[in-house]
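Good morning, and thank you for making time for this item. I would ask you to keep the structure in view while I go through a few of its local features.

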Amino acid sequence: MNDNRLGSAVSPYLRQHAENPVDWREWGPEAFAEARDRDVPVLVSIGYATCHWCHVMARESFSDPGVADLLRQDFVAVKVDREERPDVDASMMAAASAFTGQLGWPLTVFTTPDAHVFFAGTYFPPEPVQQVPSFRQVLGAVLDAWRERRGEVDANAAAIAAAIRQGAEADATVVSSDGRDGDEPRLPSVDTTHAVLDQLRQAEDTTYGGFGGAPKFPGAPLLELLGDLAADDPADGADARGLLGRTLGAIAGSELTDADGGVFRYATQRDWSVPHYERMLYDNAGLLAVAESAQARGIAAFLRDTLRRPDGAFVAAQDSESTIDGRRVEGEWYRRPLAERATLDPPPLDDQVLTGWNGLAIRGLAIAGARYSDDEMTSLARGAADAVLAAHVRDGHVAVRSSSPRGTSSAPATIEDVGLLAEGLLELALVTGEVSYASAARVLVDDGLAGRFGVDPVLDSAGTATGEQPQTALRSGTVGLASAAATLAALTGERSYRDAAERLVADRARSGTERPLGYADALGLALALGRPSREVVVVTADLADPMRSAAFGARRPGTTIAAVTPAQADEWAAAGFGLFESRAALAPAAYVCHDRVCALPARALDELVAQLAG
């Protein structure tokens, strides 16, 4: 009998599997209690709604009645949406790394009833292919080990869980440390961070641009680091600017960028051809922070026209597959001319609204909007912020990780949601001058620094919860939280925020000096924290005042830039942001400050430019 329980799920990925003959369960204590009662292993299958190989494995294996019977009889089968549950994905991925270096999705994990992983892999085909066993063979081997070598299985699972728990405890110590223990980690020096550029030069593909061979990813955090390195030291930044420009040019001029401006997740070939056609909000949002003008406007148009909901929030992604002439095909819709696409059903959307990913989009749109004086980008950022604050934040705190047209997910908010939303709101506040966004961000940062996140009962009882893994595509929530704290330090004068930022990012940044691809975002923030704080405030009632664009054009590591009207300056000061005290009396004027010690007000563009160059 089919007892599949995914039909009422909020997640679009889980609902895609609602008609499988497999008796899927959602992740939760009930599934693991059932496994404990039956004394059977748990299959945890992790993917997401726009994942092509997840679709393939679903068609090949999870739609097979024979496989479904085997799973029903000898396992408890659990489906997890990695976008809805990044905490589960991070823990399972950390454990899976003990079994394979080829991590990705679908992620196929086998655990004990206590949620301790004892075997893992990714996609398994329906029939053996070269050295890759079939999914049925994997199930048979897992059952054999479970029944015949149970002691070995339990011992291995316990050892992996202990290793993960040790890492999680170290992460928790960094987040919650009050900074008075005397042995907190130190940031890498500015020179050490700049030396990472040598590694990136050597990794560059000098023929086709980008880094390494196939597959090629856009890698927004790494590109932003290159921008930071170039801006930090303009005299010696030619190499960083060259690397950045060549990579952005390769992305913009290749098949990785679609005709409508959106960027695909990666290219399967070294020359940036044959894209993996799914389009993720996080890739496009991350690129906005560093993209050239035309590229940024194309990405913003894609977000506006494809991923934006009527309320202003952005959904998570667009699928690689679509139905054309009655057949489900990968990539075909994208290969058609734009005019012809309009006559066909587009690839479906992963219609989840994810708090953290929207924070990333708010940040990217606000940065690009300020850099290119593009009011529409700023308006899109504002719309997303207002929508997420209204639907996902309650009494000032992030209460919702994920929602969809089918309701609100029970998934707990993570550091990604708190950190990236806080960072995005602060960028928007500095561009629009609206202090309400900064005040909301300050509450979120305080929550994040206090470790106020939801706790999953299964991971908590198993002791296998883990922090964020190194990542190349998506800005880390820990780095977002640290960045927001550093910005608050500049705006309020409260040193404790800067101390917290340094604690949060130090270990990740030091890891980044050896592995920059996984920790590029942390290196960029470490560079900013290694410089004396510089604050620039433009006070003018004229939104077209050239001092505004001159100030935002001076963005570099360690600099916080705000533009406000005189009335807004008073509102910021009244809300406790000391940088704005007494700024409204003399307008138009710009203030360039170093660690909140300000030069004489600049009353004209040339004066401001001279001070910014100093």
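Predicted model: local features only at pLDDT ≥ 70, side-chain atom pairs only at ≥ 80, totals over all residues.

**Helix packing, cavities and backbone geometry**

The crossing of α4 and α6 is left-handed. The axes of α4, residues 65–74, and of α6 come within 11 Å and cross at roughly 15 degrees. An angle under 35 degrees counts as roughly parallel, and α4 is therefore roughly parallel to α6. On the α4 side the residues that meet the partner helix are G66, V67, L70, L71 and D74, and on the α6 side they are F135, R136, L139, L143 and R147.

Helix α17 covers residues 415–432 and helix α18 covers residues 435–449; they pack at an angle of about 155 degrees, with their axes 8 Å apart. Because angles over 145 degrees count as roughly antiparallel, α17 and α18 are roughly antiparallel to each other. The crossing of α17 past α18 is left-handed. From α17, the contact draws on V418, L421, A422, L425, L426, L428, A429 and T432, while α18 contributes Y437, A438, A440, A441, L444, V445 and G448. Which kinds of residue make up this contact of α17 with α18? There are 13 nonpolar, two polar and no charged residues in it.

Rolling a probe the size of a water molecule over the atoms shows where empty space is left. How many cavities of 30 Å³ or more does a search of the whole structure find? The search finds three.

The largest cavity holds about 60 Å³ of space. Its lining consists of A220, P221, E224, G286, L360, R363, A473 and R475. Two helices, α9 (220–232) and α15 (355–371), each supply at least two residues of that lining, and α9 gives the largest share, with three residues. The lining of the largest cavity divides into four nonpolar residues, one polar and three charged.

The second largest cavity has a volume of about 30 Å³. S91, M92, A95, A115, H116, V117, I160, A161, I164 and T464 form its lining. The elements that give two or more residues to this lining are α5 (86–96) and α7 (150–176). Here the residues divide into seven nonpolar, three polar and no charged.

Finally, the backbone. Most residues other than glycine have a negative phi, and most peptide bonds are trans.

A214 and P215 are joined by a cis peptide bond, with omega at about -5 degrees. P215 is located in the loop between α8 (190–203) and α9. Another cis bond runs from A587 to P588, where omega is near 0 degrees. P588 sits in the loop between α24 (566–574) and β20 (589–594).

Where does Q130 lie? Its place is in the loop between β5 (117–121) and α6 (135–148). That brings us back to α6, one of the two helices in the left-handed crossing with which I began. Thank you for your attention.

How values were computed: Residues numbered from 1 in each chain as written. Heavy atoms only, no water. Axes fitted to C-alpha atoms, helices over the stretch in contact; angles between N-to-C directions. Helix = DSSP H or I, 4+ residues; strand = E, 2+ residues; numbered from the N terminus. Parallel < 35°, antiparallel > 145°, perpendicular 65-115°, else oblique. Left-handed = near helix turned anticlockwise from the far one by under 90°. Contact = heavy atoms within 4.5 Å. Nonpolar A, V, L, I, M, F, W, Y, C, P; charged D, E, K, R; others polar. 1 Å grid on protein atoms, 1.4 Å probe; cavity = no way out; pocket = protein on both sides within 12 Å on 5 of 7 lines; lining within 4 Å. Points joined across faces, edges and corners; volume = space filled by probe spheres on them.
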